[in-house]
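Dear colleague,

I am passing on the structure below, together with my notes on it. Could you read the notes with the model open beside them?

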Amino acid sequence: MSMINLPLDLITLLRTAKHVAVMTGAGISAESGIPTFREAQTGLWARYDPQELATPQAFVKNPRLVWEWYAWRRELVSAAQPNAGHLALVEMAQYVPHFTLITQNVDGLHQLAGSTDVIELHGNLHRTKCFREETVIDEWVDTGEVPPRCPRCGDRLRPDVVWFGEALPRAALQAASDAAMTCEVFFSIGTSALVEPAASLARMAMHHGAKVIEINPVATPLTSMATYALQAPAGRVLPELVRAVWL
Ligand code: OAD
């Protein structure tokens, strides 16, 4: 028995859609125990100052603090498992002829759940790159120095995530924009829809004629514009949606 009221025309829309694009944010991983950013009390940005931790200037000023904060987040994520929401998106990809998954998350949980070709707009916590050359580095010698040094040029290593003030990876943003402009249905799941340019993808999809479905227990700036707003946790609503539409 369904606990969430899924409109019949939403079910029909998804059943016949040939291209579905999904964009996720921190909320999809919340039920895996990973803190979001902007929620009062529990969000990371309620407890930590992004200017001190998530900017290139912060890294130059205090590289050790920044490296260790990301190492802590990497440990949190490494102890976490994908939840029912991540798994439902793996299933959805099997039923939709053309499916694009875009994420703002850096936790790698979509891939761990089994999603492939994930477009990562903000990088990945598990990857490291050189601060100067921006080359991805897989191995380095552990001398005890924190952060460690790039084996190629000797500069400091940093997490391969996008910080405030930095550009998004060009290929990822292009692929995400292409999907937004060509999909018939665009999902915005577990994101506060406040951070640009990611937030503008839903609007872009809308302007190109896509129906927009938001999944978020609370309202966001996108809610009033969305074709459907399902106000429930992603781990609850996504499995029900997949069951109702395709099974
Ligand atoms: P936010 O923390 O801004 O928003 C998380 C959203 O998830 C909120 O709107 C919550 O209501 C919602 N939420 C919480 N639990 C949920 C659940 N179980 N199911 C569905 N939704 C739920 O996170 P993002 O929008 O992802 O950037 O933040 C965007 C970017 O800002 C992040 O990628 C990060 C951050 O600074 C970088 O690190 C570059």
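First, the ground rules. This is a predicted model, in which local features need pLDDT of at least 70 and side-chain atom pairs count only at pLDDT 80 or more, while totals for chains, interfaces and linings use all residues. Residues are numbered from 1 along each chain as its sequence is written, and side-chain values use heavy atoms, with hydrogens and water left out.

Aromatic rings

Rings of Phe, Tyr and Trp (for Trp, the six-membered ring) are taken to pair if their centres lie within 6.5 Å, and a pair is called stacked with planes under 30 degrees apart, edge-to-face over 60 and tilted for the rest. On that basis there are 12 aromatic pairs. One of them joins Tyr95 and Trp246, whose ring centres are 5.9 Å apart and whose planes meet at 10°, so this pair is stacked. Because Tyr95 belongs to helix 7 (residues 84–95) and Trp246 to helix 11 (residues 234–246), the contact ties together parts that are 151 residues apart in sequence; helices here are DSSP runs of H or I with at least four residues, strands are runs of E with at least two, and both are numbered from the N terminus. As for burial (buried is under 20% relative accessible area, exposed over 50%, partly exposed in between, with a 1.4 Å probe and protein chains only), Trp246 is buried at 17%, whereas Tyr95 is partly exposed at 34%.

Ring pairs also link a cluster made up of Phe37, Trp45, Tyr48, Phe59, Trp69, Tyr70, Trp72, Phe131, Trp163 and Phe164.

Salt bridges

Counting a salt bridge where a side-chain nitrogen of Lys or Arg is within 4 Å of a carboxyl oxygen of Asp or Glu, the structure holds 10 of them. Lys129 is bridged to Asp160, with the closest N and O atoms 3.5 Å apart, and this pair links distant parts of the chain, since Lys129 is in strand 4 (residues 123–130) and Asp160 in strand 5 (residues 157–161), 31 residues apart. Lys129 is buried, at 11% relative accessibility, and Asp160 is buried with a relative accessible area of 11%. Arg127 bridges to Glu120 with a closest N and O separation of 3.7 Å; here Arg127 is partly exposed at 30%, while Glu120 is buried at 13%. These four residues, Glu120, Arg127, Lys129 and Asp160, are linked in a network of salt bridges.

A further bridge, from Arg152 to Glu133, has its closest N and O atoms 3.6 Å apart, and both residues are in the loop between strand 4 and strand 5, 19 residues apart. Arg152 is exposed at 59%, and Glu133 is partly exposed at 34%.

Helix 9

Helix 9 (residues 170–182) has 13 residues and reaches 18 Å from its first C-alpha to its last, close to the 18 Å expected, where the expected span is 1.5 Å times one less than the number of residues. Its buried residues are Ala172, Ala176, Ser177, Ala179 and Ala180. Seen down the axis, they fall within an arc of 160° and so line one face of helix 9, the arc being that of the directions from the helix axis to the C-beta atoms. These buried residues pack against strand 1 (19–24), strand 2 (98–103), strand 3 (119–120), strand 6 (185–189) and helix 10 (200–207), with contact meaning heavy atoms within 4.5 Å. The face turned away from the buried side carries the exposed residues Arg170, Ala171 and Thr182.

Backbone details

Val146 and Pro147 are joined by a cis peptide bond with omega about -5°, and Pro147 is in the loop between strand 4 and strand 5. The bond from Glu196 to Pro197 is cis too, with omega near 0°, and Pro197 is in the loop between strand 6 and helix 10. Glu134, which is not a glycine, has a positive phi of about 65° and is partly exposed at 48%.
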